[in-house]
Amino acid sequence: MVEFEFWWLLVIPFFFGLGWFAARIDIRQIISENTDFPVAYFKGLHYLTTNQYKKATEAFSDAVKINNNSIELHFALGNLLRRTGQIDRAINLHNEILESRELTENQQDSVKAELAQDYFKAGLYDRSEELLLNLKKGKYYQYSLGTLLQIYERQRDWSKAISTALELEKSSGISFRKNISHFNCEIATEHLLNNNFVEAKDALENALNEHKNCVRANILLGDIADNQGNFEDAITFWKKIEYQKPEYLGLVSSKILNTYHRQNKINDGLSIISRYFDIYKLKTLLNVFYETVIQNEGAVEAEKIARNELIQRPSLAALERLFQAKAMRNSNELENIELIQQTLKNAIGNRKFYICNECGFKARQFHWQCPACNSWETLPSEPTDIILDE
Ligand SMILES: [Zn+2]
């Protein structure tokens, strides 16, 4: 066991003290050097440090009226307005600066960058895009590309998103492979809606070329093959996921079983899913396996699975399944067993959520892109059981 080093506890108050001291010095210095700063400015600072953003905004508005020359003050105010959701006021402020002042080229670019962010936040993507395309140089190159990428994603303009991500990857050195593969999958999905299977397959092959671990592309390629009656091909695509990211196998387990079922080869399907479960222990695999066994092989076999799971990984869900299987095969005390099972089921409730690793958003369904923060593949492949505080 690693021993905790207690002297660290002393470091924290020391840095606290240091921060407090530094803050005092700073403010005193500002006061002595800039006697022309209005009182409202310091009021604004005070509100900022106490997280009262609305009041800070008003104080800075007053400060700007008194000290109209300071461009930095205008920037601070603009930023605050945007942060507090007063986007129309931020837009007016930034436009006013652009129109009514003599600005250096650098300053103009800074204001335009702020304005582009205002328009983006307001959902006025065309205006934001226009500004960003002009800013795509020098200091604002990566900033512009990054915001443009977000705009094209929101507009679902996937080909522009791909070219922007490629440019951004080149200039920043950060990989956008995963994003680009999803953009190709989105293109494929749109083709699928119009039954353009050839174009959809092309897009999915692009996705795999851009990112060989693109699970989503193999799922969709399997769906297309399945839809066209090529069952063996479909299963081959879905099985590839084991060698890409096996944690996503839960997403194809029902598909695999259904396809085997339609060929009257359910046992082949069950042995694949049971092997996956033995190795990867994913709850989704167990659920699908259990449901299929109870439908196809009956309650006796299902009960064995539930009991085995209960012994190895005790959980209310496994207990509920055990009673479900028991209720199906036992006519003695049937009413009691059903009562126990229903009570367990109600107690467990539906508390399965996919929680975004990036922003913490709780989704009922799996999504490739987080509905809240728009990040790709940040929802886990398996849901988590959580109890909500209500
Ligand atoms: Zn998120």
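Guide: A donor here is an N, O or S atom within 2.8 Å of the metal, or within 3.2 Å for Na, K and Ca. The model is predicted. On that cut-off, the zinc ion is coordinated by the SG atoms of Cys-356, Cys-359, Cys-370 and Cys-373, at 2.3 Å. The angles among these 4 donor atoms run from 107 to 114°. Four donors count as tetrahedral if all angles lie between 85 and 135 degrees, and the site of the zinc ion is tetrahedral. Along the sequence, the donor residues follow the spacing C-x2-C-x10-C-x2-C. Cys-359 sits in the loop between strand 1 (352–355) and strand 2 (362–363), and Cys-373 in the loop between strand 2 and strand 3 (384–385), so this pair ties together parts that are 14 residues apart in sequence.

Most residues other than glycine have a negative phi. Asn-374 is not a glycine, yet its phi is positive, at about 65°. Glu-377 is likewise not a glycine and has a positive phi of about 55°. As for accessibility, Asn-374 counts as partly exposed because its relative accessibility is 25%. Glu-377 has a relative accessibility of 13%, so Glu-377 counts as buried.

What does Glu-377 touch? Its side chain makes a polar contact of 2.7 Å with the side chain of His-182. With its neighbours within four places in sequence left aside, Glu-377 is in contact with Lys-178, His-182, Lys-245, Tyr-248 and Trp-368.

Now for the rest of the chain. The protein chain comes to 20 helices and 3 strands. It has 390 residues, of which 41% count as buried. Among contacts between residues at least 6 apart in sequence, 48% join residues at least 24 apart.

One pair of helices can be described in detail. Two packed helices are described by the angle between their axes and the distance between the axes. Helix 15 (residues 253–262) packs against helix 17 (residues 283–296) at an angle of about 25°, and the two axes are 9 Å apart. Angles under 35 degrees count as roughly parallel, and helix 15 and helix 17 are therefore roughly parallel to each other. On the side of helix 15 the contact is made by Ser-253, Ser-254, Leu-257 and His-261. Helix 17 contributes Thr-284, Leu-285, Val-288, Thr-292 and Asn-296.

Ser-163 belongs to helix 9 (residues 158–172). Its relative accessibility is 41%, so Ser-163 counts as partly exposed. A polar atom of the Ser-163 side chain lies 3.1 Å from the backbone oxygen of Lys-160.

Val-39 lies in helix 2 (residues 39–49). With a relative accessible area of 63%, Val-39 is exposed. Val-39 and Ala-63 are 24 residues apart along the chain, and their C-alpha atoms are separated by 7.5 Å.

Asp-118 lies in helix 6 (residues 105–122). Asp-118 counts as buried because its relative accessibility is 0%. Leaving aside its neighbours within four places in sequence, Asp-118 is in contact with Arg-82, Ile-87, Ala-90, Ile-91 and His-94. The C-alpha atoms of Asp-118 and Gly-78 are separated by 9.0 Å, although the two residues are 40 residues apart along the chain.

Note on methods. Residues numbered from 1 in each chain as written. Predicted model: local features only at pLDDT ≥ 70, side-chain atom pairs only at ≥ 80, totals over all residues. Heavy atoms only, no water. Tetrahedral: all angles 85-135°; square planar, octahedral: opposite > 155°, others 65-115°. Helix = DSSP H or I, 4+ residues; strand = E, 2+ residues; numbered from the N terminus. Buried < 20%, exposed > 50% of the residue type's maximum accessible area, 1.4 Å probe, protein only. Polar contact = N/O pair within 3.5 Å; in protein donor to acceptor, adjacent residues only side chain to side chain. Axes fitted to C-alpha atoms, helices over the stretch in contact; angles between N-to-C directions. Parallel < 35°, antiparallel > 145°, perpendicular 65-115°, else oblique. Contact = heavy atoms within 4.5 Å.
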